[in-house]
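Student: Could you take me closely through one part of this model, the place where the two chains meet, and say what surrounds the residues there?

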Protein chains: 2
Amino acid sequence: MKDKSELSYSNIVRLPRYYRFLSMLSKQGKDKISSAALAEIMGVTSSQIRQDFSCFGLSGQQGYGYSVSQLLSEIGILLGLSEKKSAILIGAGNIGTAVANLSYDDKGFEIKAAFDKDKSLIGKSINGIRILDISSIGEYVKNAIPECAFLCIPEDSAPEIVRELYELGVKCFWNFSHYDIKTEYTDAKVENVHLGDSLMRLSYLMSKQ
Amino acid sequence: MKDKSELSYSNIVRLPRYYRFLSMLSKQGKDKISSAALAEIMGVTSSQIRQDFSCFGLSGQQGYGYSVSQLLSEIGILLGLSEKKSAILIGAGNIGTAVANLSYDDKGFEIKAAFDKDKSLIGKSINGIRILDISSIGEYVKNAIPECAFLCIPEDSAPEIVRELYELGVKCFWNFSHYDIKTEYTDAKVENVHLGDSLMRLSYLMSKQ
């Protein structure tokens, strides 16, 4: 397998999709797949798959094809999924509740606590995760030292909370807030989710003649 | 401006981000921006911006820069945002509730009704959208003829409902379900949201040495 440092983000961006389809095959009890068969399921060309897997250093055998379990294991290592990372959830509204209810078992994360400013939510739990008062976040972070924060708050609330977290050492963000973290904090590790951008792309597809 | 048919999806994929940043500038009361200033805000190069805008046929004036309101209008037309499209929401759970509470005013969509199979939700409303019994969806679609469906249901429930909707003429989907619609229905217009893929990319960024 290649060293991670040799792979760029533009390479890696396709790996989760492979992981998702291979997980589906694994659940169906399949453990052997040719690049042609995988290509058909995924709607890509088999040469693209061979090229990607070669670039990722993933192993297949001539005439045998790929082992699904081995691919899953190797891609899991590339993506760091086996290293459980601790997360805190900021914002327990609609997006935050949806995020709290996702499945994290196979994705390398564990949400340790949620935070909100809404007094009616504080003390309650979502999916077994306790909602704490946002005013206690500094104290919590100093003690628990979470590795990342899932930001499910409006854009205008984000700069202040990101500054506090960043200064306390939390520099990794799954960001639903639309606040552009990287512009201010260039060394932060950020994955942005812009649902509105996705919706505008659908609008384009629908309006295109 | 270029004809839409000349633009590929790989071109268009960057337009929503421009739209988002320009909307922010507009809210701040700015109506004139140079490619250099926009580049700095967006964290890209000004030559990338000039190249993109030229490709999209967006207009700027030598020495003046770009008019924010004109760019917003032109990008809005390219993305079809002014054509209000009717949508139905399938699934009123956590993701569905989050989706129902997004802002659609400036994104060219309007959710007309929501559907769920959970009897305890039917008859209630989210964000003013009435939740109807999923068993009545065929009747509803025949009468209301919605243009697209927002699929906020688990993967295993999706194939059956997509088949029903597709056969009734609903062929556009904002798809949170992970079910791979395009493999089965090649002419469907689909924008997939895979939150898990995004999270795995964050895992990669965090685990990379």
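Tutor: Leaving aside neighbours within four places in sequence, A:His194 is in contact (heavy atoms within 4.5 Å) with A:His178 and B:Arg20. This is a predicted model, in which local features need pLDDT of at least 70 and side-chain atom pairs count only at pLDDT 80 or more, while totals for chains, interfaces and linings use all residues. Residues are numbered from 1 along each chain as its sequence is written, chains are lettered from A in the order in which they are written, and side-chain values use heavy atoms, with hydrogens and water left out.

A:His194 lies in the loop between β9 (189–192) and α10 (195–207) of chain A, where helices are DSSP runs of H or I with at least four residues and strands are runs of E with at least two, numbered from the N terminus. With a relative accessibility of 18%, A:His194 counts as buried, a term that means under 20% relative accessible area with a 1.4 Å probe, protein chains only.

In chain B, helix α10 (residues 195–207) holds B:Ser198, which is buried at a relative accessible area of 4%. Not counting residues up to four places away in sequence, B:Ser198 touches A:Trp174, A:Glu191, A:Asn192 and A:Val193. The side chains of B:Ser198 and A:Trp174 are also joined by a polar contact of 2.8 Å, that is, a pair of N or O atoms within 3.5 Å, of which, within protein, one must be able to donate a hydrogen and the other to accept it, residues adjacent in sequence counting only if both atoms are side-chain atoms.

Methods
Buried < 20%, exposed > 50% of the residue type's maximum accessible area, 1.4 Å probe, protein only.
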